[in-house]
Amino acid sequence: MADFKVAQPLSTSTGDYLKALWELSGSGDVSTNDVSARLSVAPGSVTRMLGRLQEMGLVRHERYRGASLTERGHAEALRLVRRHRLIETFLLEHLGYSWEEVHEEAERLEHTVSDKFTDRLAQLLGHPDRDPHGAPIPKADGALAQEDSRPLSEATVGDRVRISRVGREDAPTLTYLGERGLVPGRLLEVEEVRALDGVVTVEDEDGTSHALGGALAASVLVQDL
Ligand SMILES: [Zn+2]
């Protein structure tokens, strides 16, 4: 096999594919359709790009089994995720961005900055463990903290929990949760879990109740107190 090294920054779409595969690969190989849905790209284009990534040694792709990252592809994905999450933290802490704004800006910037810049950023920020949404930030060597959180949608009445992370990064969701103070670190007690439609009602530290629809509750990750 050729000795391949990622010398140049990966192009935007290449990096997006690697990140999508990394995010979707929780339960094994990823189907073309899942990648297609995640990136809003036609399945035919996904198949072609997966073939190219395979030639680059970043992805293994078998027609009927789906795609997975090679060791090198995995390392590249983690490098991008690290950059992305550090940039988000920087935008929030130093440039006055709100937590619903940082994701889109970081998506643009992560493809243009160097590893040197990323390491300096980590230094400036004091090597944070988590980004503004509570997602763990991979270390420079690719080490990633294990998460022991579960979706709020799986909680039961009476559970006392702390919000550890919000798993969705679309602005409407983050604006909604942010306005209600439902951000990482917040303590909640589960008042009701409605089987009928999955609505979870929680009470926060100030005694205010919040009813979250099933999909929203599923995107709020919590840890037991
Ligand atoms: Zn993000």
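The hairpin of β5 and β6 has six residues between its strands, and Gly198 there takes a positive phi near 75 degrees. The model is predicted: local features need pLDDT of at least 70, side-chain atom pairs count only at pLDDT 80 or more, and totals for chains, interfaces and linings use all residues. Residues are numbered from 1 along each chain as its sequence is written, and side-chain values use heavy atoms, with hydrogens and water left out.

**Strands and hairpins**

Strands (E, at least two residues) and helices (H or I, at least four) are DSSP runs, numbered from the N terminus. Two strands pair if DSSP finds at least two bridges between them. A second hairpin is formed by β6 and β7, with four residues between them. In its turn, Gly207 has a positive phi of about 85 degrees.

| Strand | Partner | Bridges |
|---|---|---|
| β4 | β5 (residues 187-193) | three bridges |
| β4 | β8 (residues 220-224) | five bridges |
| β5 | β6 | five bridges |
| β6 | β7 (residues 209-212) | four bridges |

Val161 has Leu188 in β5 as its bridge partner. Val166 stands opposite Val220 in β8. Thr201 in β6 stands opposite Glu192, and Thr201 also stands opposite Ala211 in β7.

Buried means under 20% relative accessible area, exposed over 50%, and partly exposed in between, with a 1.4 Å probe and protein chains only. Strand β4 (residues 160-166) has five of its seven residues buried, so it is largely enclosed by the rest of the structure. Strand β6 (residues 200-204) is also largely enclosed, because four of its five residues are buried.

His84 and Glu88 both lie in helix α4 (residues 71-94). They are four residues apart, about one turn of the helix. His84 is buried at a relative accessible area of 5%. Glu88 is buried too, at 0%.

**Rings**

Arg180 lies over the face of Tyr176, at 3.7 Å from the ring centre. A charge sits over a ring if NZ of Lys or CZ of Arg is within 6 Å of the ring centre and within 35 degrees of the ring normal.

Most residues other than glycine have a negative phi. Ser40 has a positive phi near 55 degrees. Ser40 sits in the loop between α2 (32-39) and α3 (43-55). It is exposed, with a relative accessible area of 67%. His127 has a positive phi of about 50 degrees. The place of His127 is the loop between α6 (115-124) and β3 (150-151). His127 is partly exposed, at 48%.

**Confidence**

pLDDT is the predictor's confidence in each residue, from 0 to 100. The protein averages 92, and 94% of the residues score at least 70. Over residues 1-7, pLDDT stays under 50. For that stretch the model has five contacts beyond four places in sequence, a contact being heavy atoms within 4.5 Å. Where pLDDT is low, the predicted coordinates should not be read in detail.
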